[in-house]
Structures are given as C-alpha cells and as structure tokens.
Number of protein chains: 2
Amino acid sequence: MDAVNEGTGPQSYTQNSSYQRGALEAAQEIIKEEIAEKLDIKQLIASDSLNTFRIADLGCATGPNTFLAVQTILEAVQPKLGSQNSQTFPEFQVFFSDLVSNDFNTLFKSLPPQSQRPYFAAGVPGSFHGPLFPKASLHFVHSSCALNWLSQVPKPVAERTSSAWNAGKILYSSREVTEAYSCQFANDMGLFLQARANELVGGGLMALVIPGLPVGILFSETRSALEFELLGSTLMGMANMGLVSKEKVDCFNLPVYFPSLEELKAIIERNREYKIEKMEAISHPKMKTEPKQCISGIKAVFEGIIGKHFGSNVTEELFEQCSIKAAKPSVLLLDTDMPTLHVLLVILKRNGNGNA
Amino acid sequence: MDAVNEGTGPQSYTQNSSYQRGALEAAQEIIKEEIAEKLDIKQLIASDSLNTFRIADLGCATGPNTFLAVQTILEAVQPKLGSQNSQTFPEFQVFFSDLVSNDFNTLFKSLPPQSQRPYFAAGVPGSFHGPLFPKASLHFVHSSCALNWLSQVPKPVAERTSSAWNAGKILYSSREVTEAYSCQFANDMGLFLQARANELVGGGLMALVIPGLPVGILFSETRSALEFELLGSTLMGMANMGLVSKEKVDCFNLPVYFPSLEELKAIIERNREYKIEKMEAISHPKMKTEPKQCISGIKAVFEGIIGKHFGSNVTEELFEQCSIKAAKPSVLLLDTDMPTLHVLLVILKRNGNGNA
C-alpha cells in the first residue's frame, strides 16, 4: 500500500485523486452495498401515502460532491424498486440542507434542471443539531464531512480562567483541551442523532461520513495535527512580530474535531434509537502531497472562519508565511509515513418498522 | 369611494397603505374566510401518513410579504384542527419557491429561526410552469403577484416579420400584440394549473392573487397602461437622441400581462381538475399617488429586467427622464379618476377527496 504511482502521468496519484476524494469514493461504494442489503424500500414506500422516497443531505455546502452522493444513493435505491409501472413508481425528493449562512444560490444554480434530474430538489436552511424536518418524513439521511464541525468552540477552551484555556494554539493537543473538544463533539453528535431519530421513518437508513482517526492513533500523532500546529505557531509568530494582537490569537480556536471509531460508537449506542449496520475506518494509500498543497487544502476549508476572526489581510499573510515554512526541509510535513486521517463510515438503521 | 383622506397625518392614505398592500390585505382576509369554510383539514390529514400539512408559496421572491401570507394561512388552518393532543397535532412544512435566479440566500436569512416559527421551511428553485413537487404532496398552494409574469415575451411580438411586431413599444396596446400576450398568458397559466393539479391532494386548496383588470375595463384604459407608455416613449426618445440603439428598443418587451376575470375563468374551466370556490376582482379606493412615486414603483419591479437588456447606465437615465416627464402637468398621470388595476383573487379546490 505504500508504493504509490509516481510522476504526473495518467496513472499517477497526482493526476488521479486527492486523498479526500479517494476515501469518499470508497465510502460511497460501501453505502451502495449497504443500501442493496439493508434497505427494505418496498415496505417503506408501502407505508407512505405519498409514494415518495425522501432523502436529506445534511451539511451539503454548495457543491457538486453533494450531487454525486445523491446520485450514488439513487443508483442503489432504484434497482430495488423492480419493474413497477410508471403509475406506482415512487418519486424522489432530495432535501439539501446546510446552515443559513450557506450559499444556497450557488447550490441551486449548479443543480441540473428539473427535466434532467430524477428527483425534486429543495433547500433547507438551519443547523442539523436541531429539528429540520417533520416527524418520520425522511427515508434516507446522508452527511459527508460535515459532522466534524462543532456547533461552537468548546466554552472552557476560550475561557481565560479555565484549565482548558488554549492560549497560543488553535486546535486541541493538551489533555484538558482535547477533553473539552471531545465533550463538545459528544454533545453535538447526541443532538444530531436525537433530531434525526425523530425525522427518520422506522427502517430508514442514515449514512455518515466523518473524517476521523485511524484505529489506535491519537490526533497528535497524525500529519493533520502537524499542519494545524504549523498554522497556530505561525499565527503566534505573527503576534510576536506585532502583526496581529496576541489576545486575538489566544481566544481563537477552530470548531472541528476528529473522533475515533470507538468514541463515535459509544455516542451512537447511548441513543438507543438506531441499529449500527456498519462502522469502519476507511484508509487510503498515502499520497505524496506537497506540503504547499496541504496548506492550500487547509486554506480552502478554513479561510472563511479565520478571515472572520482576524480580517482578510492577516489571513493572506498567515497562509503565505505558512506555505513558505511548510516547504522547509526541516519541517516534519515532508514525512510521508505519518498516519493521515481516515474516513469513518457509519451506517445506521432507525429502529421500528414503517412510520414511527 | 372617491374621497380619500388627504394630508400626511395618521389617518392619511400617504401614511396608511400603498395601493398594492391594501389590496393584498383585503385578499388575505378573503383567503382566511375561504380556508375556514372550504378546507376539510381533518380529512386531508387523516389520509396523510406523515401527519404534515404542506403549503407551497409560488413566486415567493425574497421577502417579508411571503412570510405574512404564510402566517395568514396558518392562522386560518390552526383553529380548524381543534384540541388535538401534541402527539397527533400535525406539523407544518412550507415550501418557498421561485426561479433559480431568485435570491434564496436573502430569503433564508430573513426567515425567523426554527425555534420561533411554527413550521419547517424549505426553498424550491424552479419555474412554476413545470413540475416542482412530488404527486399529491401539497395541501395548500398560494401565489401572489407572480402569475402576471409570463414565462417569456410572446414570440410574435419580438419577430420583425410578424403582424404583432411591437416596435417602439414595451407592452401591449394594439389588437395583434394584445392577442399575442393574451395567448401567452393562457398557455402559461394552463401549464401552471396542470402542474399544480398533479401536486395538490384531492380536496386541497389553491389561492391565487393576480393583478388584473377591473370588470369591463381594457388595459389601455388604465392608469398603468399610461405609465408603461410613458416608459416606452421615453425609451424611444432616448433612441432618437442616440442614447440607445433603436433596434434594442424595438425588440424589448416586458413579459407581464394583466388578465380580466372572465379571461382567467375561461382558462381555469378548461382544465377541469378544479372547482372554483371564489373569484373576484378586489378594488381599493384610489390613491393620490404622486406621479414620481408611480415611476419609482415601476422602477422597483422592472429595473432588473430593463437593466439586463439595456445596461444599467441606460436604465438610470431612463427612469430619471421618466420621473421628470411624469411630473409635468400636461401628463395624464395626474388624472386620479382613471381606473387602476384590481387584484384578482381566485380560490380553487382540487377535485377528488384525500390523495389523488
């Protein structure tokens, strides 16, 4: 698994896929198999007076990845319907949901027109940590790379008097801070599961894809931790140079968390409304990513939230300094043997049959 | 009806309501009464395995008016549900729909947060001249001041070789052009009714509010026609002065139409899927609107479509010239006795009982 195709030719990693895309594709394959095996669509549809199969994609963002996931789900669901006549063949309705601040205009503009898409689309604004849909109105819930975002930075981490006060860092590393993050994740995930238990029909499936830890590895041992540490230390360096206030750096923390499979399992089991159908950490052959590319990747995801706190001037300078630092041979980011984050895939079935 | 309160005091027209708002409020009152009398909500809900009452607002735009309409509907529906316990009390889901180009981001940001609103909200992008929702999935459809927008400028009107070629004008006045517009409206309205017949449950209601003609009056006899003629002749004047190309003016027409009640009735009866519960042209005491205000009103609605065709420079100049012209005593706009547009209110019930 360690020998990756070198160069930039058609068979190279460089050209073929990024880490995230590859892992997500592997996850989609498993989701397809699980739908084939575990979803009793005829029974779900029979108990629905609307004859509509309703899918929600939660944390959809603006983009094409979300349409790909929906296509995968439809490709897996449709063959199970067999050869029904067009009068009784169910229709599909897909709800694309994200925070109110999401760019739904862009999302809607990139949707294929109604005549070229086998489903009705709707956008649902709001937080998935609370209710979004009527009771027992969904048959399938999908969420990819969204649940690692916390509803907020854990309170103790931003409190000067707390033992988890995280001055000079932007993500968890010490025991106290990690605990505060883990606690916030458990709380958020619990709220998510509770809200969805209300909205999914009995027998409905939920597929969650969450960036998380490889089995037996701590976050601090991953390449990602190094990348975030580089970002944090560059910020502190800028504070020492007087380019940004030290206080502003001290109270800034990223609201993201990367759970382990065991941690996630314990949270799900606490809820009691779901049966775990599948749970695994999907790895992907390590990619020879250039350190500069890593920083660009982080920039693409976190630029908005960093810019909001520090202003866009500081953010530009920060990422410029970071990618210069990242390219230095002394920096550990060049060590391609370090563990990278895995993709945790969880398939849950809502207890009960038919509508709750 | 002719004596309006003068001045700017608390009882004056100036302070109390604009023409449109007042007429819309009157329409909402009648919608409330019709819901009370004609909607058998218990039966509709009983045949819905979801226990959800689904409302669509079509042509919602971005704004607060749409939330007000939904509130009116909910206020009328809720008392009919009686004292059910919270377990069986239905939930409400409201679909706000408009063209893909609509600003849904602004719409979503102005929604009250989920915890402060008695319904789940979703946005649905697409044209209401085609399918937007699964079969028999809606219990109430509302549309206000949207169906007067045509899906396109009638083709013959923009064809140089056609007898309905509308050179030098921007809306219908001659017989041929009016016929082409009327034909396009009938076609669009037919598609709308057909799509909704598929989506409304049997027994479901539809409330349409459309700006239209007072009984027995032609469009050319209304104050609105004068306003659009002023706009058109100003454009031609600008073409003569070389400020805009004459060709561009010749091929520009506004895609709006103001039907009469009889015309609308004939289109609806052709469909056969609805029972007409109510149909009336609501008038409103005429307002002493300043000519400049009329032009501002037109600008607010049509600036976008005019700017798209002519560019924003031309548009600015056009409205400036127009409001200067409108203020001249010789202009007929000062004649407050001319008929103004009415609001046509139509309440339809989908044939059949329970789900189709």
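## The interface of chain B and chain A

Across the interface of chain B and chain A in this predicted model, the rule finds 8 residue pairs in polar contact, both residues of each pair being at pLDDT 80 or more. Four elements of chain B, namely β1 (52–58), β2 (91–98), α5 (104–110) and β3 (120–125), each supply at least two residues of the side of chain B that touches chain A. Of the elements, β3(B) gives the most to that side, with 6 residues. Salt bridges, by contrast, number 0 across the interface of chain B and chain A.

| Class | Residues on the side of chain B that touches chain A |
|---|---|
| Nonpolar | 16 residues |
| Polar | 12 residues |

As for extent, 34 residues of chain B are in contact with 34 residues of chain A, and the area buried between the two chains is about 2700 Å², of which carbon and sulfur atoms give 56%. Within the area that chain B buries against chain A, B:L50, B:F108 and B:P134 supply 21%, which is more than any other three residues.

Turning to confidence, chain A has a mean pLDDT of 88, and 88% of its residues reach 70 or more. Among the elements of chain A, strand β3 (residues 120–125) has the highest mean pLDDT, 98, whereas helix α1 (residues 13–16) has the lowest, 38. Over residues 1–17 of chain A the pLDDT is below 50, and this stretch has 23 contacts in the model beyond near neighbours in sequence.

Terms used: Residues are numbered from 1 along each chain as its sequence is written. Chains are lettered from A and ligands numbered from 1 in the order in which they are written. This is a predicted model: local features need pLDDT of at least 70, side-chain atom pairs count only at pLDDT 80 or more; totals for chains, interfaces and linings use all residues. Side-chain values use heavy atoms; hydrogens and water are left out. pLDDT is the predictor's confidence in each residue, from 0 to 100. Contact means heavy atoms within 4.5 Å. Buried area is the accessible area (1.4 Å probe) that two parts lose on being put together, summed over both. A salt bridge is a side-chain nitrogen of Lys or Arg within 4 Å of a carboxyl oxygen of Asp or Glu. A polar contact is a pair of N or O atoms within 3.5 Å; within protein, one must be able to donate a hydrogen and the other to accept it, and residues adjacent in sequence count only if both atoms are side-chain atoms. Ala, Val, Leu, Ile, Met, Phe, Trp, Tyr, Cys and Pro count as nonpolar, Asp, Glu, Lys and Arg as charged, and the others, Gly among them, as polar.
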